[in-house]
Amino acid sequence: MLVLVCYDVNTETKAGRRRLRRVARVCESTGQRVQKSVFECQLDVAKFETLERELLAEIDPTMDCLRLYRIPGTRGFEVIEHGTFKAVDFDGPLVL
């Protein structure tokens, strides 16, 4: 399934800036950044649960916001891109 991870971490304190770096690091290890605080991840259910658990361990729910959008199938789903970013086609051939 395709998962969109969106977050807003309060960076007014040193601890908040540290949380922001840690959340970004978890997301970068799992998916691709499409905007500053938005990642696309191609995951199965087990990896989704692991990602959610890791992210919840990093945020402060009283100050931060984390949203996970699960998009279960690609049938009828379309992403329209404008601008310079071009996403990786997870279903296409892998060329090294």
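Okay, so let me start with charges: this structure holds two salt bridges. Keep in mind as I go that we're looking at a predicted model.

One of those salt bridges brings together the side chains of Arg 19 and Asp 64, at 2.7 Å from N to O. Arg 19 sits in helix H1, while Asp 64 is in the loop between H2 and S4, so this pair ties together parts that are 45 residues apart in sequence. And are these two buried or exposed? Both Arg 19 and Asp 64 are buried.

Then there's Arg 33, which makes a salt bridge with Glu 28, with the closest N and O atoms 2.7 Å apart. Here the accessibility looks like this: Arg 33 is partly exposed at a relative accessible area of 33%, and Glu 28 is partly exposed too, at 48%.

We've got an open sheet of four strands, paired antiparallel, in the order S2-S3-S1-S4. Which strands stand at the edges? That would be S2, residues 32-35, and S4, residues 65-71; each has a single partner strand, so one side of each is left without a neighbour in the sheet. From one strand to the next, the twist averages 25°.

Let's walk through the pairings around S3. Strand S1, residues 2-8, and strand S3, residues 38-42, run antiparallel and are joined by five bridges. If you want to find your way on the screen, Val 5 has Phe 39 in S3 as its bridge partner, and Val 3 has Cys 41 in S3. On to S2: three bridges join S2 to S3, again antiparallel, and a hairpin of two residues connects them. Here's Arg 33 again, standing opposite Phe 39 in S3. As for how enclosed S3 is, four of its five residues are buried, so the rest of the structure largely encloses this strand.

Helix H2, residues 45-58, lies across S1, S3 and S4, and runs at about 175° to S4.

Next up, cysteines. How many disulfides are there? The count comes to zero. Take Cys 41, our partner of Val 3: the closest cysteine sulfur to the sulfur of Cys 41 is in Cys 27, 6.2 Å away, and that's too far for a bond. Cys 41 is also buried, with a relative accessible area of 0%. For Cys 6, the closest cysteine sulfur belongs to Cys 65, at 8.7 Å, so that's too far for a bond as well.

Last stop, Arg 70, over in strand S4. With 53% relative accessibility, Arg 70 counts as exposed. Which residues does Arg 70 touch, if we don't count those up to four places away in sequence? Met 1, Leu 2, Val 3 and Phe 48.

Definitions and conventions. Residues are numbered from 1 along each chain as its sequence is written. This is a predicted model: local features need pLDDT of at least 70, side-chain atom pairs count only at pLDDT 80 or more; totals for chains, interfaces and linings use all residues. Side-chain values use heavy atoms; hydrogens and water are left out. Two strands pair if DSSP finds at least two bridges between them. Axes are lines fitted to C-alpha atoms, for helices over the stretch in contact, and angles run from 0 to 180 degrees between N-to-C directions. Contact means heavy atoms within 4.5 Å. Buried means under 20% relative accessible area, exposed over 50%, partly exposed in between (1.4 Å probe, protein chains only). A disulfide is a pair of cysteine sulfur atoms within 2.5 Å. A salt bridge is a side-chain nitrogen of Lys or Arg within 4 Å of a carboxyl oxygen of Asp or Glu.
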